[in-house]
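Q: I have a structure open and would like to go through it. Can you start with the terms?
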Amino acid sequence: MSRFGLEGKRILITGAAAGIGEAIARNFSEAGARLILVDIDEENGNRVAGAIERDGGLVQFRRLDIGDEPKCRRVAAAVQDQGPLDVLVNNAGIGCVGTLLETEGDDLDRLYRVNVRGAFNLCKAFLPGMIERGRGNIINLASIGGVVAVRDRLAYCVSKFAVVGLTKSIALDHARQGIRCNCICPGRVETPFVAARLKEYADPVTARREMEATQALGRMARPEEIACAARYLASDESAFVTGTDFVIDGGWSAGK
Ligand SMILES: NC(=O)c1ccc[n+]([C@@H]2O[C@H](COP(=O)([O-])OP(=O)(O)OC[C@H]3O[C@@H](n4cnc5c(N)ncnc54)[C@H](O)[C@@H]3O)[C@@H](O)[C@H]2O)c1
């Protein structure tokens with residue numbers, strides 16, 4: 001196996017139709033992984049899978065709303081009928097701008113359903129099979145907003161702190177059964193997700209400048225820069241890494 005290679009590994013990635021998930025899918029395919037991509041966005045999911053296939057990758061796309069637990073169980077059963085899963089990447093997530101006073105209970109429930117329940121649903125669906133095999137690897141996309149508070153992002157921070165808690169709990173409880181579980185905590189990354197947040201501001205141009213300035217490096221990350229960290233965590237080179245919240249924030253939190 002090549003260095004940081006993923007040859008032969010079966011890997012499921014959620015939210016793979018855009019942004020960081022798409023970058024992870026392309027990176028992992030280049031490393032030799034066999035991919036199952038899931039997303040609610042069927043059109044873009046098929047577009048990403050089609051492009052990977054044309055480049056010679058082994059990939060299938062399935063439509064899945066990760067907030068729907070029975071459907072997660074059904075997809076997990078179908079995936080495991082075809083063979084064991086080596087790595088689960090819980091990447092899909094949604095955001096919302098606002099302080100506590102500007103956040104409705106429904107906003108919190110909406111973010112919790114995808115960001116927390118979604119990852120929980122798939123961990124729960126795949127963990128028994130991984131434990132039975134004595135090995136499994138879970139990578140969750142949290143955020144720098146799961147490590148330090150981010151202004152104006154109450155619901156998002158609540159949900160992402162929970163993702164860090166979910167990650168560390170799984171890592172601790174199941175380490176001796178051969179399971180690793182880590183999360184990645186990016187600062188701002190140039191994706192459709194950030195474009196959607198910017199539209200929520202009255203002055204998107206100023207908001208963008210401010211978003212870039214929060215990183216000490218003075219720019220947002222490219223999705224490919226996050227995918228490289230995911231590749232490391234998915235590879236056997238990271239065999240001793242579990243329970244970590246891998247911060248990749250261009251120095252945002254260095255002074256906090
Ligand atoms: N972009 C950033 O600045 C940033 C920073 C830190 C963390 N993150 C996290 O990284 C992850 C990916 O972010 P991104 O910027 O690529 O987002 P994105 O909005 O560009 O892409 C997210 C993908 O998830 C899919 N999705 C949304 N809800 C879903 C559901 N219920 N079931 C299945 N798929 C669903 C969307 O259709 C989309 O394809 C998220 O968890 C996000 O919170 C992003």
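A: Two residues are in contact if their C-beta atoms, placed from the backbone, lie within 7 Å. This is a predicted model, where local features need pLDDT of at least 70, side-chain atom pairs count only at pLDDT 80 or more, and totals for chains, interfaces and linings use all residues. Residues are numbered from 1 along each chain as its sequence is written.

Q: OK, which residues does Leu-37 touch, leaving out those up to four places away in sequence?
A: Leu-37 is in contact with Ile-13, Ala-16, Ala-25, Gly-45, Val-48, Ala-49, Val-59 and Phe-61.

Q: New topic: how many residues does helix 4 have?
A: Helix 4 has 29 residues. Helices (H or I, at least four residues) and strands (E, at least two) are DSSP runs, numbered from the N terminus. From first C-alpha to last, helix 4 reaches 41 Å, close to the expected 42 Å; the expected span is 1.5 Å times one less than the number of residues.

Q: Where is the kink in helix 4 centred?
A: On Arg-117, with an angle of about 40°. The bend at a residue is the angle between axes fitted to the seven residues ending there and the seven starting there.

Q: Which way does phi usually go?
A: Most residues other than glycine have a negative phi. Phe-4 is not a glycine, yet has a positive phi of about 60°. Phe-4 sits in the segment before strand 1 (10–14).

Q: What about Asp-152?
A: Asp-152 is not a glycine either, and its phi is positive, about 70°. Asp-152 lies in the loop between strand 5 (136–141) and helix 5 (154–174).
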